[in-house]
Amino acid sequence: MSLPSSVDVAIVGAGTSGAAAAWYFARAGARVVCVERRPLAEAGARWVNGLTRTALAEAGIELPPGAALGEPHPFHLVTDAGRVTVRDHDVVDVDMRALVALLQARAQDAGAVLAGDTTVLGRDGDALVTDRGRVRARWLVDASGLAGARLLEQPAVGTDHLCAAAQAVFEVRDRDAARAWFAAADIPPGEIYARLGLAGGFSVQNVRLHHGGDTVAILTGSIPALGFPSGKAMLDRIVRQQPWIGRRVFGGQGAIPLRRPYDRLARDNVALLGDAACQVFPAHGSGIGAGILAARLLAATLGGGGTLRDYEVAWHRRWGGLFAAYDAFRRWNQTMPPSVLDELMAAGVIDPPFARAGLDQTMPRLSLGALPPKARALGRRPQLVPGLARVAAQVGAAHLLSALYPRSERRRLAAWSRGMARVLAV
Ligand SMILES: Cc1cc2nc3c(=O)[nH]c(=O)nc-3n(C[C@H](O)[C@H](O)[C@H](O)COP(=O)(O)OP(=O)(O)OC[C@H]3O[C@@H](n4cnc5c(N)ncnc54)[C@H](O)[C@@H]3O)c2cc1C
């Protein structure tokens with residue numbers, strides 16, 4: 001298949017962000033090409049990811065049968081000495097192979113041209129330069145992930161803001177032994193055992209039985225630059241240690257940018273989307289919903305006669321504060337020894353409503369009634385107060401600044417960036 005020589009929108013990457021953008025733009029009547037360096041059937045995330053139903057609904061996505069691995073199940077966040085159980089939350093486990101395929105099919109049905117095995121080498125003015133020729137476009141969209149085409153020469157993400165994650169589904173070789181392992185941790189079958197702090201304050205090892213116990217899903221993540229084993233090393237370790245875990249069915253690993261999204265999400269005729277823009281919820285490195293909703297916003301903005309500048313302003317004003325706020329917490333959390341996590345749970349700072357808000361990617365709401373017991377618990381643990389006070393101040397400032405993300409590109413934007421960098425260094 002040859003590439004069209006000229007289109008309205010040329011997109012790099014056919015993972016969730018790029019395929020969603022191709023769909024939204026084509027649906028609105030734009031001529032779209034989306035190029036992907038891997039075969040299309042291997043694009044994007046190839047493992048199980050947690051997504052909120054709210055994001056799926058806002059994105060207008062109905063999952064195909066079998067893509068969602070059950071309904072949201074209780075989440076047990078467990079540390080050395082503490083536990084918080086979130087019974088109601090909004091996160092469903094989704095087989096990303098099915099979601100990427102769905103988005104690509106929707107894009108093609110709407111008229112977008114999707115080309116696999118095509119690598120973008122760079123851009124030349126309004127042309128996307130690929131190893132199969134050039135495509136001129138009014139708008140170029142870089143949805144090529146963290147290590148992608150870098151059409152805007154995005155700043156490199158510092159290694160201490162990179163999560164090394166791994167996720168895989170395995171057959172269960174011995175169901176009784178699997179049940180016994182969960183029972184020993186007091187986790188009912190099918191519920192999520194999220195062990196925190198095994199490899200630094202940010203780390204997680206999340207294990208859940210699927211399909212009545214036939215398969216087990218394991219997700220691990222850590223920040224190796226801080227001296228900890230990677231998510232892949234954590235995953236390999238649990239598989240080695242637990243003989244009931246059998247053959248690997250599917251999965252993968254990769255790096256996730258955790259830093260707050262870039263100040264600039266667009267320049268010239270190029271927009272950034274998804275991991276390429278660091279549009280990832282920093283508390284747990286979730287970028288699927290964020291990337292898809294950013295794609296929707298981009299297509300709606302340009303389709304409605306707006307500019308790329310309108311897209312960045314709208315994105316930062318709507319989501320920038322939330323993402324920067326959780327980034328403030330993540331930066332504190334990743335330096336914590338496990339004992340501080342225990343203390344935060346014991347003090348009721350990390351309690352079910354707080355943990356639920358984090359899972360659902362919303363800000364926690366503090367009820368007035370909850371404040372006095374928390375204040376008393378903190379009074380008994382004064383060592384937590386300076387860290388909490390700093391994060392609270394950062395959260396407030398990040399929200400305020402994001403709401404004030406300037407429309408003008410020059411002096412005011414530079415001042416805004418300096419202000420945000422003072423709140424949260426990059
Ligand atoms: C193990 C793991 C577990 C995760 N768990 C979750 C989770 O539970 N929930 C969640 O929301 N998120 C999760 N994430 C993060 C999520 O997977 C990413 O945020 C998401 O995949 C980003 O989507 P994207 O489309 O922006 O980028 P990608 O998925 O990286 O897709 C980019 C695409 O661009 C292609 N590409 C790159 N360079 C070029 C080029 N030069 N030319 C052409 N094509 C190119 C790539 O081949 C790729 O297909 C996890 C990540 C990992 C690694």
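**Close-up views of a predicted model**

**View 1. Helix 7 meets helix 11.** From helix 7, the residues His-316, Arg-317, Gly-320, Gly-321, Ala-324, Ala-325, Ala-328, Phe-329 and Trp-332 are in contact with Gly-387, Val-391, Gln-394, Val-395, Ala-398, His-399, Ser-402 and Ala-403 of helix 11. Sorted by class, this contact of helix 7 with helix 11 holds nine nonpolar, seven polar and one charged residues. The model shown here, as in every view below, is predicted.

**View 2. The axes of helix 7 and helix 11.** Two packed helices are described by the angle between their axes and by the distance between those axes. Helix 7 spans residues 308–333, and helix 11 spans residues 385–403. Their axes come within 8 Å and cross at roughly 165°. Angles over 145 degrees count as roughly antiparallel, so helix 7 and helix 11 are roughly antiparallel to each other. The crossing of helix 7 past helix 11 is right-handed.

**View 3. Helix 11 beside helix 12.** Helix 12 covers residues 411–423. The axes of helix 11 and helix 12 come within 10 Å, with a crossing angle of roughly 165°. Helix 11 is therefore roughly antiparallel to helix 12. This crossing of helix 11 and helix 12 is left-handed. Helix 11 brings Gln-394, Ala-397, Ala-398 and Leu-401 to the contact, while helix 12 brings Trp-416, Gly-419, Met-420 and Val-423. By class, the contact of helix 11 with helix 12 has six nonpolar, two polar and no charged residues.

**View 4. The largest nonpolar core.** This core has 130 residues. Ala-21, Ala-22, Val-32, Cys-34, Ala-271 and Leu-273 touch the most other members. Helix 6, residues 288–303, gives the largest share of the core, with ten residues.

**View 5. Around Ala-22.** Ala-22 is one of the core residues that touch the most other members. Beyond its neighbours within four places in sequence, Ala-22 is in contact with Ile-11, Val-32, Cys-34, Ala-107, Ala-112 and Leu-114. Val-32 and Cys-34 are also listed with Ala-22 among the core residues touching the most other members.

**View 6. Ala-67 in a loop.** Ala-67 lies between helix 2 (53–59) and strand 4 (75–78). Ala-67 has 18 other C-beta atoms within 10 Å, so Ala-67 is partly exposed. Not counting residues up to four places away in sequence, Ala-67 touches Val-94, Asp-95, Ala-98 and Leu-99. Arg-267 is 200 residues from Ala-67 along the chain, and the C-alpha atoms of the two are separated by 36 Å.

Definitions and conventions:
Residues numbered from 1 in each chain as written. Predicted model: local features only at pLDDT ≥ 70, side-chain atom pairs only at ≥ 80, totals over all residues. Axes fitted to C-alpha atoms, helices over the stretch in contact; angles between N-to-C directions. Helix = DSSP H or I, 4+ residues; strand = E, 2+ residues; numbered from the N terminus. Parallel < 35°, antiparallel > 145°, perpendicular 65-115°, else oblique. Left-handed = near helix turned anticlockwise from the far one by under 90°. Contact = placed C-beta atoms within 7 Å. Nonpolar A, V, L, I, M, F, W, Y, C, P; charged D, E, K, R; others polar. Core = buried A, V, L, I, M, F, W, Y, C linked by C-beta atoms within 7 Å. Buried ≥ 20, exposed ≤ 12 C-beta atoms within 10 Å, placed from the backbone.
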